[in-house]
Amino acid sequence: MKVAVAGCCHGALDKMYETLELLQRRHNVRPDLLLCCGDFQAVRNEADLRCMAVPAKYRHMQTFYRYYSGEKKAPVLTVFIGGNHEASNHLQELPYGGWVAPNIYYLGYAGVVRFRGVRIGGISGIFKSHDYRKGHFECPPYNQQTIRSAYHVRNIEVFKLKQLKRPIDIFMSHDWPRSIYHYGNKKQLLKMKSFFRQEVENNTLGSPAASELLQHLKPTYWFSAHLHVKFAAFMQHETNSKEELPKATKFLALDKCLPHRDFLQIIDVEHDPNAGDLLEYDAEWIAVLKATNSLINVTQSSWNMPEKNGPHAKWDYSVTEEAIKEVLEELNHDLKIPCNFTLTAACYDPSKPQRNMEPVHTINPQTTEFCAQFGLTDINDRIQQAKEESSGRGECEEEEEEEMDSTGSAEEPSEYSTDNSGLSSFNPDEIMLDEEGGDEDLSTCSVDPSPDHPPEFSTSFSDIRIMPDSMAVSSDDAMDSNNEELEKSGGSKQLEEKSSTERSLKRIGGDENGNSGIKKIRRRNQAIYAAEDEDKTD
C-alpha cells in the first residue's frame with residue numbers, strides 16, 4: 001500500500017490534503033494512509049491557541065477547526081503524533097490516543113495501531129532530561145513552565161514501548177533519535193544546517209530516549225520531523241545472537257509543510273491484502289498497557305522505571321502470548337477502533353471570535369470508554385483527583401514538595417545525564433524569547449486567528465517526492481559516516497546537566513562568556529517553526 005508521510009504540519013491541513021489531491025490528479029497516485037510526525041496543531045478554538053507554546057505572533061487558527069467541526073473531512077485516514085507546538089490541552093484529553101476529528105487519529109503519548117496488517121507505533125513530544133522521569137502531572141490552565149513540560153517525553157512511555165517483542169513496521173517520533181545523523185549524508189546535513197555542527201560533533205543532537213527505542217524496536221521505517229530539514233539514513237542493527245536475522249531501519253526526517261518545501265514522501269509498504277481498510281488496535285500494545293497500568297504517575301516526583309538488578313521486585317513487563325490472547329478474547333477478535341469521535345469544546349467561528357476564551361481541563365469520553373473497556377487508569381481523572389486531594393495543603397508544604405521534585409532523587413539518578421537535544425550553537429532561524437521563555441502573560445495574551453480564507457495553494461508540486469521501494473542511502477552518503485568520525489563524535493565528553501536554577505536562564509549564542517549582540521534565547525528551544533522565523537521553542 002502507499003503511505004504518505006508528512007513532517008511538521010503546523011495546522012495547515014488544507015495545504016496538506018490539497019497536495020495529496022494534486023498528486024492524484026497529476027500522477028494518479030492515491031495514498032491509502034497519511035502519517036504526520038508531530039506539530040500537527042489540532043487547534044479547535046482560541047482557548048487552544050493559548051495552550052500552544054509559541055509567541056503570540058505565531059498563534060494562528062489555521063484550518064484544523066474545519067475538520068473538527070465537520071465542515072470538512074480528511075480525504076485519507078490520517079494518523080499523527082504530537083510535537084512541541086501543539087494545542088496541548090486538546091491532545092492531553094487523549095493520553096491513550098483517539099480521534100481528534102473524523103478520519104484523523106492521534107496516537108497518544110505513545111501508541112501502536114494496525115492498518116491493513118501494518119504495525120505503526122509512535123511517541124509524542126520531545127525529550128528533556130529534567131522532565132523525563134516525572135509523571136504526566138500537567139493540566140490546563142498551564143503556566144509558563146507546564147505549557148512546555150506538557151509535551152516533554154516521559155520515561156514511562158519509553159518503558160512501555162520497550163516491552164514490545166513483536167516486530168514494528170513503522171515508527172514515528174518528533175525529534176530525531178540521537179546519533180542517526182552518523183548513518184546518512186552528514187556533510188550535506190551540515191551544509192544545509194551549519195548550526196547543527198557542534199551538536200553533531202559532540203553527538204548531543206537528538207533524543208537519547210528515541211535512540212534507545214530505535215535500537216530496541218528495530219522498525220523497518222522510522223520517520224521524524226522537528227528540525228525542518230529533509231534527511232535520510234540507513235541503520236544496520238547489530239544482532240544479539242547467531243540465530244537472529246539481521247535487521248535494518250530506513251530513517252527519514254521530513255521538512256515542514258510549506259509551499260516549495262519537500263514536506264511529503266510517498267512510500268510503498270508491504271501489507272496484508274486480506275486485512276480490512278479500518279484502523280485497528282494492536283493486541284500486544286493493549287496487553288502492555290494493562291500490564292504497566294500500576295506504574296502510572298501523575299505527580300512531579302521523579303522516579304526511574306523498573307530495571308534488571310534494580311530495587312524493584314519486578315522489572316520485566318513484557319506480555320505473554322496468553323495475555324495477548326486474553327485481549328483478543330475481550331474484543332471478540334474484533335480489533336476495529338470505534339469511530340467514537342465526540343466534540344469536547346466549542347469550535348472556532350470566524351464570524352464570532354472569542355479572544356478571551358480560557359482553556360479548561362476536560363475528560364474526553366473516548367478516553368473514559370477506552371479505560372473502562374480495558375481496565376486502565378484515566379490519567380486525567382487521576383490528575384483531577386490529585387488536585388482535589390492537594391487543595392487543602394498549606395502553601396509552604398506545596399513549595400517544599402516542588403523544590404524536592406525539581407532536584408530529583410539522589411537514590412535514583414536519571415539514566416540520561418545530559419539534556420540532549422538543545423542546540424548550544426546559535427540558530428539564526430529560531431524564534432527569540434524573552435527572559436521568562438515567552439513574550440506575553442499566558443492569561444492575557446491575545447490571539448490572532450488567520451483569515452477565513454487560507455493563502456493560495458501552490459501548484460508547483462515541488463513539495464512531493466515519491467520514494468522507491470528502498471530508501472537506502474547511497475554509498476557516497478554512507479562514506480560520510482566513517483569510523484574516524486564516529487569515534488570523534490562518540491568520544492566527545494558530554495556536558496553535565498545544569499542545575500534547575502541555571503536551567504531557567506537563557507543562552508546567548510556567542511563565546512563561552514556570553515559576549516554577543518544576539519538576543520537571548522532559551523536553551524530548550526528545539527523545533528524550527530516558520531519559513532522566516534523557524535522555531536525550536538521550548
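A cavity is defined here, on a 1 Å grid over the protein atoms alone, as a set of points where a 1.4 Å probe fits but cannot get out, and lining residues have an atom within 4 Å of a point. The structure is a predicted model, in which local features need pLDDT of at least 70 and side-chain atom pairs count only at pLDDT 80 or more, whereas totals for chains, interfaces and linings use all residues. Residues are numbered from 1 along each chain as its sequence is written, and side-chain values use heavy atoms, with hydrogens and water left out.

A search of the whole structure identified 6 cavities of 30 Å³ or more, where a volume is the space filled by probe spheres set on the points, and grid points are joined across faces, edges and corners. The largest cavity has a volume of about 220 Å³. Its lining comprises 19 residues, and Tyr106, Tyr109, Ser124, Ala150 and Tyr151 are those nearest the centre. Helix α4 (residues 88–92) gives the most to this lining, with 3 residues; helices (H or I, at least four residues) and strands (E, at least two) are DSSP runs, numbered from the N terminus. By class, the lining of the largest cavity has 7 nonpolar, 8 polar and 4 charged residues. In this scheme Ala, Val, Leu, Ile, Met, Phe, Trp, Tyr, Cys and Pro count as nonpolar, Asp, Glu, Lys and Arg as charged, and the others, Gly among them, as polar.

The second largest cavity holds about 90 Å³ of space. It is lined by 13 residues, of which Gly97, Tyr281, Asn340, Gln366 and Phe370 lie nearest its centre. Two or more lining residues are given by each of β4 (98–101) and α13 (365–374), and α13 supplies the largest share, 4 residues. This lining divides into 7 nonpolar, 5 polar and 1 charged residues.

Helix packing was examined for α11 (residues 283–291) and α12 (residues 321–330), whose axes come within 8 Å and cross at roughly 105°. Axes are lines fitted to C-alpha atoms, for helices over the stretch in contact, and angles run from 0 to 180 degrees between N-to-C directions. Helix α11 is therefore roughly perpendicular to α12, a term that covers angles of 65 to 115 degrees. The contact (heavy atoms within 4.5 Å) involves Ala283, Glu284, Ile286, Ala287 and Lys290 of α11 together with Ala323, Ile324, Val327, Leu328 and Glu330 of α12. Of these residues, 7 are nonpolar, none is polar and 3 are charged.

Rings of Phe, Tyr and Trp (its six-membered ring) pair if their centres lie within 6.5 Å, and planes over 60 degrees apart count as edge-to-face. The count comes to 20 aromatic pairs. Among them, Tyr68 and Phe341 are edge-to-face, at 5.6 Å centre to centre and 80° between the planes. Tyr68 lies in helix α3 (residues 64–69) and Phe341 in the loop between α12 and α13, so this pair ties together parts 273 residues apart in sequence.

Backbone geometry was also considered. Pro140 and Pro141 are joined by a cis peptide bond, with omega about 0°.

Technical notes. Parallel < 35°, antiparallel > 145°, perpendicular 65-115°, else oblique. 1 Å grid on protein atoms, 1.4 Å probe; cavity = no way out; pocket = protein on both sides within 12 Å on 5 of 7 lines; lining within 4 Å. Phe/Tyr/Trp six-rings, centres within 6.5 Å; stacked < 30°, edge-to-face > 60°.
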